[in-house]
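Biologist: Could you walk me through the pockets, cavities and surface of this one?

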Amino acid sequence: MNGFKKLLKAFLIPHWIVLLLLVPILTVLLIYSFLAASPEDVVSIVSYALSFYTLMTLCIRIPQIVRQLRKFWQENKYVLRYRSDVRLRVNLSLFSSLVLNVGFSVFQFGLGLYHASIWFYAMACYYALLAGMRILLAGHARKYGPGEKRLEELKKYRFCGVFLLLMTLSLFVIILYIVWQNRTFRHHEITTIAMAVFTFASLTMAIVQAIQYRKYDSPVYSAAKAISLASSAVSMLTLETAMLTAFGNDSSELFKRIMLGATGAATVLFIQGMAIRMIVIAHRKIRFFHNS
């Protein structure tokens, strides 16, 4: 009886090394099942069964995982430093956003090469320029704390506003071209899912940064927040284009044009309004700084 209990426990709560080995195996099996195998194929059945088993064992381990994470959060010296150091938190946030931004720019460039499309090249260029602004802000945040170089922060804030405004005007022309020419492209479902993951990840990070950076009263941090919001807004537009072509088979071409045009116009107006606000606020505060 004890042997059966031990065997059942080992099956339901396997060693963490077993779970680590299952992840890459499952990844390969599921990709093959989605792309090449039929639902009745043996590989598909095995991959689905292993997926169910892995998910079940992870759910059983949730209380243990929560305890370990709470202990790690409360006792780890690096986590304690992260929680107490404002500049470190902001710098990590800026650099993680930068890495995500660059990765999606490369992804869009790859789609441009595959589809030979001006839309994806334009998106790659747009995200690359956003990444360039992030590098400028991250370099300042690495050297100085919030408020240490107020005038320089305001100038960078105004520069980002002007640059966003010009970039978005170019984006509007590209959107008009895409809508007028009805240049949409059908992606594989996995590509669409990857775009959705990036979009919701960037949107979540933008919302978190908007809440975090507000209390620091730093133009550089506010500019980083604005760039994150602009990036997530354009990502939503890109995702809508992919979703309409991938899953909107029953929709008319007129409906797709109206949706893309309306979302594109809303995105451009949102980013332009944010950019103009940045320019006006920065100009007023710089003038007050010089007069005081």
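Below, we go through it by question and answer.

Modeller: Quick caveats: this is a predicted model, where local features need pLDDT of at least 70, side-chain atom pairs count only at pLDDT 80 or more, and totals for chains, interfaces and linings use all residues. Residues are numbered from 1 along each chain as its sequence is written, and side-chain values use heavy atoms, with hydrogens and water left out.

Biologist: What is the volume of the largest pocket?

Modeller: On a 1 Å grid over the protein atoms alone, a pocket is an open set of points with protein on both sides within 12 Å along at least five of seven lines, and lining residues have an atom within 4 Å of a point. Grid points are joined across faces, edges and corners, and the volume is the space filled by probe spheres set on them. For the largest pocket that gives about 340 Å³.

Biologist: Which helix gives the largest share of the lining of the largest pocket?

Modeller: Helices here are DSSP runs (H or I, at least four residues), numbered from the N terminus. Of the 16 lining residues, the closest to the pocket centre are Y157, S222, K225, R277 and I281. At least two lining residues each come from α8 (150–181), α10 (219–247) and α11 (253–291). The largest share, 5 residues, is from α11.

Biologist: Which helix supplies the largest share of the lining of the largest cavity?

Modeller: A cavity is a set of grid points where a 1.4 Å probe fits but cannot get out. The whole structure has 3 of them at 30 Å³ or more, and the largest holds about 80 Å³. Its lining draws at least two residues from each of α6 (86–115), α9 (189–213) and α10, but the largest share, 5 residues, belongs to α9.

Biologist: How far apart are the C-alpha atoms of L151 and F289?

Modeller: L151 sits in helix α8. Leaving aside neighbours within four places in sequence, L151 is in contact (heavy atoms within 4.5 Å) with I286, F289 and H290. L151 and F289 are 138 residues apart along the chain, yet their C-alpha atoms are separated by 7.4 Å.
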